[in-house]
Amino acid sequence: AVPMPTVSLTLRIWRQAGPDQPGGFEVHALEAVSTDLSLLEALDLLNERLIAAGARPVGFEHDCREGICGSCGFLVNGQAQGPQRATSVCQLYLRQFRDGAVLTLEPFRARAFPVLQDLAVDRSAFDRIIASGGYCSINTGSAPEANALLIGREQAAQAFDAATCIGCGACVASCRNASASLFVAAKLAHLGQLPQGQPERRDRARAMQDRMVIEGFGSCSSHLECEAACPKQISADWISWMHREAWRRP
């Protein structure tokens, strides 16, 4: 049988028991683990060992582990979601790292994303931004005819590109000003491209941008790190589009 490729890693992990507790780095070694494991699965393995030893496991967020839900996310050697482009940490496999590598894992650093525990942060500010945009007032009924509202192919494609945002927060963590501009722009562009989103279009843009400031996010620094870190590769061009939206004619 062909031996399974393995890798040995040193994990330097930020440990913080709670929001009001002091934190610091803790070092753990993983020896000869399969390169087919994702980084989250490696943390699972480490947590099993910690629990068996009577120690507190590492806290981190996860759900689907398929790069869809946006629950996971932390810094890997200073990079939001890790070094592989268009990838969330749940889909970041150990084969991406050389044998003997040291990985520093720490939570997203932003005032609007307070640390809950270890690698997990509170991203409910995103929820409040979305809520500030309100609802679509168009009553589509229970089962509308699919072709009742005609939408062009290019228009639908643009809306879908923006809708791929999973709200992971990598854009905020990678921005020097901890701006949520790419996230807000994606949410606005999703509805702003479709006929159902037209009635409240300008008011939604103003409300969500105002809420972004209230939540403590910074302004766009135009360094485009948000686009580089985004696991869905959403274009930063939507940020310029967002700024025009707030002042468009009703």
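A disulfide is taken here as a pair of cysteine sulfur atoms within 2.5 Å, and by that criterion the structure holds zero disulfides.

The views below show a predicted model, in which local features need pLDDT of at least 70 and side-chain atom pairs count only at pLDDT 80 or more, while totals for chains, interfaces and linings use all residues. Residues are numbered from 1 along each chain as its sequence is written, and side-chain values use heavy atoms, with hydrogens and water left out.

**View 1. Cysteines without a disulfide.** Cys 165 is in no disulfide, and the nearest cysteine sulfur, which belongs to Cys 171, lies 6.6 Å away. Cys 171 is likewise in no disulfide, the nearest cysteine sulfur being that of Cys 168, at 6.5 Å. Cys 165 counts as buried because its relative accessibility is 14%, where buried means under 20% relative accessible area, exposed over 50%, and partly exposed in between, with a 1.4 Å probe and protein chains only. Cys 171, at 10% relative accessibility, also counts as buried.

View 2. Strands (E, at least two residues) are DSSP runs numbered from the N terminus, and two of them pair if DSSP finds at least two bridges between them. Strand 1 (residues 6-16) pairs with strand 2 (residues 23-34) in the antiparallel sense over 10 bridges, and the two form a hairpin with six residues between them. Within this pairing, Arg 12 has Val 27 of strand 2 as its bridge partner.

**View 3. Strand 1 beside strand 5.** Strand 1 runs parallel to strand 5 (residues 102-106), to which four bridges join it, and Leu 11 stands opposite Leu 103 in strand 5. Strand 1 is mostly covered, with eight of its 11 residues buried.
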